[in-house]
Each structure stands twice: as structure tokens, then as C-alpha cells.
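Please keep the structure in view while reading each section.

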Amino acid sequence: EDWATAAAPLLPGPGHRACASEGLGGPGHCGCATREGKMAARLIGKLGVDTSALFLCDMQEKFRHSVAFFPEIVSVAARMLQGARVLDIPTLVTEQYPKGLGPTVPELGASGMRAISKTCFSMMCPELEREIQSLPRLKSVILCGIETQACIMSTTLDLLEKGFEVHIVADACSSRSQIDRLLAFSRLKQSGAFVTTSEAVLLQLLRDAAHPKFREIQKIIRDVAPDSNLIGLYREGF
């Protein structure tokens, strides 16, 4: 069912009156509330530990001197990886053409993890899709990496197309060009992704200061995340 068809009964006017008067779904019930509830649930974007995975995209040596704010981006992504380990959230790492672009940088802290090699811009290569199949409860993907207008964009669109929610960690994503980064964030929001921050994601996963892992996460976020000019992007209209 396409968006226009699903949304039609929610809109005021003849479409809604006809639906109500016809009594679709039984007397006195037009089905609008059910559809509205489903759409609201999809758009809220709540994160859960048991239904989320962390994707770390292509943070490799060759990009170290070309991607803006590379040290800051990797530092924040490393925080996310630490948080995922504390909360037992599955994590997947990719490398774009590692023969030419080098391995994942060591400061990410993923040296003990197997990185999936790819040539397509999207992380959603066949090997990663097989990994996803082993996570039957997966609903939300938390996405960090580079470049925002290329691999982050392609990965997000593929995930959204498959029905997953995508939470883009803005302080853990960058590009060579800040114009590309700015417009990519805007474009991704238009497509239905949630653009957020590392601390917001970690606290949303915890939900409660009484969570048994709260103290461990608190240590990770105690210091403010490194600045990667997100304030500047907001001033430009993001």
C-alpha cells in the first residue's frame, strides 16, 4: 500500500467522510484510527536495546586526511561502539574497497571485529544482508561513518526501502565537503531517517537512570562529544 493510499483516510474532506459513512471495517469503524496508529508508531522512532543494531561505515585510513573532522567523527563513533558493547547491541562494520582505501582506523576500537569488504556504496551488500537475517528482531539501525552523501546516504535509503528505521548519528558522520554533509542530512530527513546525536541515542536506549548499565554509559558520555561543526551546519539551514 503506497503512502498516498494509506494516508487518504486521514486527510479531511470527502475521502474521509466517505470512508466513515461506508463503515469500512465494521459498523461505526472506518479503520482510520488503526492506520493513524501504525503511521504514528513508524514515525516516532523509539529505540530499543533488543531491536537495534549499530552500523559503522567505512572509517578507513585513506579518508583520514580528506574527510572533514575525521578525528572527531571517529572519536564519536568509538563512543557508540563502546555503548553498543556495554548494552550488547550487535554491531556491523564495513570497509569500502580496503585494497585501495586501507583498513579501518585503529582508534575506532573495532580491531577485534571482522569488517565486511564491499565495493558498492551501500553497506547493504549480500554479506551484510546475510548478517541482518540472523537478527530477526531488528527494527532500528544506528548509523555512523562516511561519507554522508555517499555510503551513508545509500545505506540509509536501502534500509528504509526494506522497512527499517534509521537513526543517523550526525556527530559521527561527515564528508570531504561540508556542503555535501549539510545537504545529505537534509535529504535523509526528507526520506524519513532520524538525524540525531550520539548522546541522544545512548540515553534513548537506556530510557531510565535505574537501568543496570546506566553508570557504564554515563562514563562514556560524561565528557561532551567532540565538536564537528554541527552548529555551523544548523546556521546554514540544516
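## The edge of the sheet

In this predicted model, Phe 194 of β6 is the bridge partner of His 167. The strand β5, residues 165–174, pairs with β6 in the parallel sense, and 3 bridges join the two. Helix α8, residues 178–191, packs on the sheet and touches both β5 and β6. The direction of α8 makes about 165° with that of β5.

## The whole sheet

The protein chain contains 11 helices and 6 strands. An open sheet of 6 strands is present, with parallel pairing and the order β3-β2-β1-β4-β5-β6. Strands β3 (115–118) and β6 (194–196) stand at the edges and have a single partner strand each, so one side of each lacks a neighbour in the sheet. From one strand to the next, the twist averages 25°.

Elsewhere in the sheet, β1 and β2 pair in the parallel sense over 4 bridges. Cys 57 stands opposite Thr 94 in β2.

Helix α4, residues 70–87, lies across β1 (52–57), β2 (91–96), β4 (140–146) and β5. The helix runs at about 135° to β5.

Helix α4 also packs with α9, at an angle of about 10° and with the axes 10 Å apart. That angle makes α4 roughly parallel to α9. The residues that meet are Val 76, Met 80, Gly 83 and Leu 87 in α4, and Ser 198, Val 201, Leu 202, Leu 205 and Leu 206 in α9.

## The nonpolar cores

In soluble globular proteins, nonpolar side chains tend to be buried together. In this protein chain of 238 residues, buried residues make up 46%. The largest nonpolar core has 34 residues, and Leu 56 and Cys 144 have the most contacts inside it. At least two residues of this core come from each of β1, α4, β4, β5, α9 (198–206) and α10 (214–221). Helix α4 supplies the largest share, 9 residues.

Which residues does Cys 144 touch, not counting residues up to four places away in sequence? Among them are Leu 54, Phe 55, Leu 56, Cys 57 and Met 59, and also Ala 77 and Met 80. Further contacts of Cys 144 include Ile 152, Val 169, Ala 172 and Cys 173. A second, separate core has 29 residues, including Ala 53, Met 123, Leu 159 and Ala 193.

## Salt bridges

The whole structure holds 7 salt bridges. One of them joins Asp 58 and Lys 118, with the closest N and O atoms 2.9 Å apart. Asp 58 lies in the loop between β1 and α4 and Lys 118 lies in strand β3, so the pair ties together parts that are 60 residues apart in sequence. Asp 58 and Lys 118 are both buried.

A salt bridge also links the side chains of Lys 162 and Glu 129, at 3.5 Å from N to O. Lys 162 is in the loop between α7 (148–161) and β5, and Glu 129 is in helix α6 (residues 126–133), so this pair links distant parts of the chain, 33 residues apart. Lys 162 is partly exposed at 47% relative accessibility, and Glu 129 is partly exposed with a relative accessible area of 26%.

Arg 176 forms a salt bridge with Glu 147, and their closest N and O atoms are 3.0 Å apart. Arg 176 is in the loop between β5 and α8, and Glu 147 is in the loop between β4 and α7, 29 residues away. Are the two partners buried or exposed? Arg 176 counts as exposed at 53% relative accessibility, whereas Glu 147 is buried, with a relative accessible area of 9%. Finally, Glu 61, Arg 64 and Glu 107 are linked in a network of salt bridges.

Conventions. Residues numbered from 1 in each chain as written. Predicted model: local features only at pLDDT ≥ 70, side-chain atom pairs only at ≥ 80, totals over all residues. Heavy atoms only, no water. Pairing = 2+ DSSP bridges. Axes fitted to C-alpha atoms, helices over the stretch in contact; angles between N-to-C directions. Contact = heavy atoms within 4.5 Å. Salt bridge = Lys/Arg side-chain N within 4 Å of Asp/Glu carboxyl O. Buried < 20%, exposed > 50% of the residue type's maximum accessible area, 1.4 Å probe, protein only. Core = buried A, V, L, I, M, F, W, Y, C linked by side-chain atoms within 4.5 Å. Parallel < 35°, antiparallel > 145°, perpendicular 65-115°, else oblique.
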